[in-house]
Amino acid sequence: MICGYAIPRVNCSWKIAPYFSHVVTTESRKLKYFIVLIFLESVKLVLLTRYFISQLATTVAKFSKPPFTRLATTTINRPLQSIQNTSDTPKIVRRRWWKEAIAYQIYPRSFQDSNGDGIGDLTGIIQRLDHIKDLGADLIWLCPIFKSPNDDNGYDISDYQVIMDVFGNMADMERLIKEIHDRKMKIIFDMVLNHTSDEHSWFIESRSSRTSTKRDWYIWRDGKPGGLRPNNWESIFNGSAWEYDKTTDQYYLHLFSPKMPDLNWENADLRQELYKICNWWLAKGIDGFRIDAISHIKKKPGLPDLPNPKQLEFVSSFDYHMNVEGIEEYLREFRNATFGTLDVVSVGEANGVGADQAQDWVDEDTGIFNMIFQFEGLNLWAKALGALDVLALKRIMTRWQKALEAKGWNALFLENHDKPRIVSTWGNDKEYLRECATAFGTVYFLMMGTPFIYQGQEIGMTNVKYPSINDYNDVAAKNFYNLELAKGIDHRDIMEIIYVTGRDNARTPMQWDDSPNAGFSTAQQTWLGVNPNYVHINVQQQSKDENSILNFYKRLIKLRKNNDVFIYGTYDLILSNHKQVYGYTRTLNDKRAYILINLTDRPAQFTLYQSLSSKQLVLTNLIDPIQEHEDEKTFKFHPYEIRVYIIDHKLHTTISKNQMEPSKNPSIETLNELNSTVSTPISTLTTSEVPLTKKQTQVLEKVKQKRTNNPLVEINENVKKKQKGEINDSNESLIKKYQSQRSLILNQENIEPIIRTSTFEQQRRPFSSYSSLTLKDQYDVVNETTTSTDKVDDEESTDTRSKYINYCACEQAKQKHLLRDQNEEILKHTQEQM
Ligand code: GLC
Ligand code: CA
């Protein structure tokens, strides 16, 4: 080929020589002629060399192309897409800093008090930043720190541009931002834009007269005849959503407490003012926002009464103010006017947004926010009334994972300042605190999305039980207590509910050490009581203990950070019907991780299609060494046992462009890093990276001669030959390579696609759901949840199954074709090499 192409060019230069020969006659002319000839010959040589190099590069590229690329990157990972949209090529999953980050939420009142007044503050946060850094987190979400009368601990803002005095001042804030950035971490603010405090100057102005220039910045209405409220909406914090104001003889709307009047987003001037404030903070160097209660900004036009068949005094009103149609116009304007064009992160608190709508909110290209906090999983916590429904958890989490696959991004969380502690609700904080804290930590952490840790979660802080309602601070809990007491419910019964559902469970001061007040404050009394168990649950003690929850979290974070498969890999649920074990895989190119977690306090047994070996184990929460195992498929797990395995089919190292952008700083993990993530050290991992030796290529040549259309037959043949001793050990690695590829394919059966997207009725009540119900209602809610779960089970066993069977057949056919292609490719490769 090369010669064939070169000859005409050589001929061409020969044609030039006779042209010069009849013009040049003298010696000097001969010399000039000679020089020109040399010049032309050198040009020819350069051109030839360049041509040769380019040919060589193409050949090398062709030879080094990994034979299984297509299989490993496109097909295996894309079962859902291949059913739903066969013609579609997978969309690019873009690398973003906030996708690779680990977020840590600080509730400033309870993190660290630096001046002995019993309340946490900004200087206190600075003192403790190294704890967050050591943990491995790098994105801090700071709950509101703005000026506030603290009816709802800062979520009632009276000035967006002033720091709450008990927390410090603007200089402290600027120092905090700097200290965070100096440590290569980022900080996001909690912006509350649905409402302000009634002490905000805007509201004071608005309520002053019906003709005030800011009257329309809030939602004012006349009462109905007979002294009735404008409508029957119930507040999220209980009681009516309307408050009467006698100065102007009108009512104002407050979805939360009466001291938190709702802003009127229909007023364009108000909206512009809110955007200005956000931009003002962005200009101060913060790295984005968590946007509070943002799905409530639009109310149903006309503010009509809700249907009230039970003739209740107030009716739960979420349907008329949560994710109401038309909200997207405001959201889009907000995004475009503020964070939209900046490299910052935005996380919306989006109660009422279902998985089927999530893409509208967080689509990589057209969405509003980078992520949203979803509420669908929150009502699974009814511990006092029954254990965690593992199947329901799987369905909800999987639905969100699949809904946003290659489209958007999830905000992953289990705890926050509105939720009781996970170990006390879903787990067992008595006998199995360490085990269940690490199990719950792992189950959400390795899914697709950015994991958020709420302060104290990393040491397994628990719920608290104080005897009197006066020991509590939460406005929602206090309202609930008073309303229930007025109905004649017994104090102890009400407290039992608060113990299980109250938000103060998560707000007790951070437990740093076993000194008085857990090292949080030197005050006589802290703003909320310290949980008495700080003596044995605290950061200092856990730092020293290699097997502590804290050190487990550090390993977990390291594992995620060092392995792209946990960040960008495709999620698939396995063991979908197992009632105790949550199992899922993450797959990225040549790696597949198996995440297996027993979420109950009973031993659990299960069998996988894929066999796993101890050398592939990268994380466990067991203290005793795990028994060596080789190609194990059946497992018996201890209560809350977790194991994470990575199968590394390292056939190539390049990241497919098809699937995601290449890393700017590709971090290919070393075996040591992997080992360091396992509390019980594992033996050295083997790699299946196999360069083709001459002998191997000879074997391949033989395979080529004998090959049929089904390459799996060849693999079996080779295995048989190996058993008979016909193939020597030097070929073994190649066969293993085939085998691992085969098991990857067969393992497809283990991955059940989730086809149903929106049949599961979304739970619409937020954190205060139980608080706003009577005791009897609560039992009804739990029963409803259980019933709907059963209903979904039935659906899955019929509808989904039949689709699943078609899917399997179709996938198998595709795999065969691919294998045939790949086999051809590998043989061509071999042939070319020989
Ligand atoms: C959000 C906050 C919660 C607050 C409410 C009202 O849900 O997380 O703490 O009470 O909004 O601002
Ligand atoms: Ca303080």
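A polar contact here is a pair of N or O atoms within 3.5 Å; within protein, one atom must be able to donate a hydrogen and the other to accept it, and residues adjacent in sequence count only if both atoms are side-chain atoms. The model is predicted, so local features need pLDDT of at least 70 and side-chain atom pairs count only at pLDDT 80 or more, while totals for chains, interfaces and linings use all residues. Residues are numbered from 1 along each chain as its sequence is written, chains are lettered from A and ligands numbered from 1 in the order in which they are written, and side-chain values use heavy atoms, with hydrogens and water left out.

A polar side-chain atom of His195 lies 3.0 Å from an oxygen atom of ligand 1. For His417 the corresponding distance to a ligand 1 oxygen is 2.9 Å, and for Asp418 it is 2.5 Å. Of the 300 Å² of accessible area that ligand 1 has on its own, the protein covers 99%; accessible areas come from the Shrake-Rupley method with a 1.4 Å probe, and for residues only the protein chains shown count as cover. The ligand is surrounded by 14 residues, the closest being Asp152, Asp292, Glu349, His417 and Asp418, where a residue is near a molecule or strand if one of its heavy atoms lies within 4 Å of it. This shell divides into seven charged, five nonpolar and two polar residues. In that division Ala, Val, Leu, Ile, Met, Phe, Trp, Tyr, Cys and Pro count as nonpolar, Asp, Glu, Lys and Arg as charged, and the others, Gly among them, as polar.

Ligand 2 is a calcium ion, coordinated at 2.2 to 2.3 Å by Asp113 (OD), Asn115 (OD1), Asp117 (OD), Ile119 (O) and Asp121 (OD). Donors are N, O and S atoms within 2.8 Å of the metal (3.2 Å for Na, K and Ca), and water is not among the atoms, so sites may look incomplete. Along the chain the donors of the calcium ion follow the spacing D-x1-N-x1-D-x1-I-x1-D. Asp117 is partly exposed because its relative accessibility is 34%; buried means under 20% relative accessible area, exposed over 50%, and partly exposed in between (1.4 Å probe, protein chains only).

Across the protein there are 25 helices and 22 strands. Helices (H or I, at least four residues) and strands (E, at least two) are DSSP runs, numbered from the N terminus. Of the 834 residues, 57% count as buried. The protein exposes about 35600 Å², and carbon and sulfur atoms supply 53% of that area.

Two residues show how parts of the chain come together. Ala477 sits in helix α16 (residues 475-486) and is buried, since its relative accessible area is 6%. Gly502 is 25 residues from Ala477 in sequence, yet their C-alpha atoms are 6.2 Å apart. Apart from neighbours within four places in sequence, Ala477 is in contact (heavy atoms within 4.5 Å) with Ile469 and Ile498. Leu573, in strand β16 (residues 570-574), is buried at 4% relative accessible area. Its C-alpha is 6.2 Å from that of Gly583, ten residues apart in sequence.

Two loop residues have positive phi values. Leu303, in the loop between β10 (288-292) and β11 (315-316), has phi near 45° and is buried at 9% relative accessibility. Tyr640, in the loop between β21 (632-637) and β22 (642-648), has phi near 55° and is buried at 2%.
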